[in-house]
Amino acid sequence: METLVIATSNQGKLDEFKEMFKDVPVTLKCLTDYPQMVPPNENGRTFAANAKIKAMYYARNLKEYCLADDSGLEVKALDGAPGVRSARFAGEEATDRENNDLLLQQMKFQISRTCRFRCALAVSNPNGKIVAEADGSCEGMLLHEPLGDNGFGYDPLFWSTELHKGMGEATADEKNRISHRGKAVKKLISNWKKIK
């Protein structure tokens, strides 16, 4: 495998993947390299299901190995929401700010702030067959207001119980070490030689 397409147009995600794959002998591309691609319908009920839908779809259409992730924030007091709708919590074209504002609004009177980030990864070969999967999670507490200027998505609202600081305050190295995506990628890379 010479090329691996990361099934995202999110620059924040792509930067994280590039950093975590820096010692893997593969050229990373992303969906901005293929502007003609129409996204699939992510109608899975779980992060793993959506990751597989995206990986198989893009791999078959681009004739390349493809790595897809589906990830998001689960808030215990909201029965796991935003969950698989994390990126679209405030609407299909919602910005990070709009998603964060809606979450804070829904959590306004909640005392319990327990939450976790979850990530599911799937790699498909060009024939559309899943050849690897991995997952990871990161436990924390939902803050009452944004903290820090780093990261993206819900990072400014997430207090990491491992780092003892807000995810929005964490450096890229700190985040990649303990994040849901960092843990999932670590598992995936440890089995990299088997992925062909």
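Strand E4 (residues 114–124) is mostly covered, with eight of its eleven residues buried, where buried denotes under 20% relative accessible area, exposed over 50% and partly exposed in between (1.4 Å probe, protein chains only). Strands and helices are DSSP runs numbered from the N terminus (E, at least two residues, for strands; H or I, at least four, for helices). The model is a predicted one, in which local features need pLDDT of at least 70 and side-chain atom pairs count only at pLDDT 80 or more, whereas totals for chains, interfaces and linings use all residues. Residues are numbered from 1 along each chain as its sequence is written, and side-chain values use heavy atoms, with hydrogens and water left out.

E4 belongs to an open sheet of seven strands, ordered E2-E1-E3-E4-E5-E6-E7, with mixed pairing; two strands pair if DSSP finds at least two bridges between them. Strand E2 (27–30) and strand E7 (165–166) stand at the edges with a single partner strand each, so one side of each has no neighbour in the sheet. E3 and E4 run antiparallel and are joined by ten bridges. In this pairing, Val 75 has Cys 115 of E4 as its bridge partner. E4 also pairs with strand E5 (residues 130–142), again in the antiparallel sense, over eleven bridges. Bridge partners here include Cys 119 with Gly 136 of E5, and Ser 124 with Ile 130 of E5. Five residues lie between the strands in the hairpin of E4 and E5, where Gly 128 takes a positive phi near 90 degrees.

The structure holds zero disulfides, a disulfide being a pair of cysteine sulfur atoms within 2.5 Å. For Cys 30, which is in no disulfide, the nearest cysteine sulfur is that of Cys 66, 11 Å away. Cys 30 is buried, with a relative accessible area of 5%. Cys 115 is likewise in no disulfide, and its nearest cysteine sulfur, that of Cys 138, is 8.8 Å away. The relative accessible area of Cys 115 is 2%, and this residue is buried.

Three aromatic pairs are present. Rings of Phe, Tyr and Trp (its six-membered ring) pair if their centres lie within 6.5 Å; planes under 30 degrees apart count as stacked, over 60 as edge-to-face and the rest as tilted. The ring centres of Phe 17 and Phe 21 are 6.4 Å apart and their planes are at 50 degrees, so this pair is tilted. Phe 17 and Phe 21 are both buried. Tyr 57 and Tyr 58 form an edge-to-face pair, with 5.0 Å from centre to centre and 80 degrees between the planes. Tyr 57 is partly exposed, at 22% relative accessible area, whereas Tyr 58 is buried, at 4%.

The largest pocket holds about 1000 Å³ of space. A pocket is an open set of points on a 1 Å grid over the protein atoms alone, where a 1.4 Å probe fits, with protein on both sides within 12 Å along at least five of seven lines; lining residues have an atom within 4 Å of a point. The lining comprises 38 residues, of which Thr 8, Asn 10, Lys 13, Ala 87 and Arg 88 lie nearest the centre. Helix H2 (47–62), strand E3 (65–75), helix H3 (96–106) and helix H5 (180–190) each supply at least two lining residues. E3 contributes the largest share, five residues.

Technical notes. Grid points are joined across faces, edges and corners, and a volume is the space filled by probe spheres set on the points.
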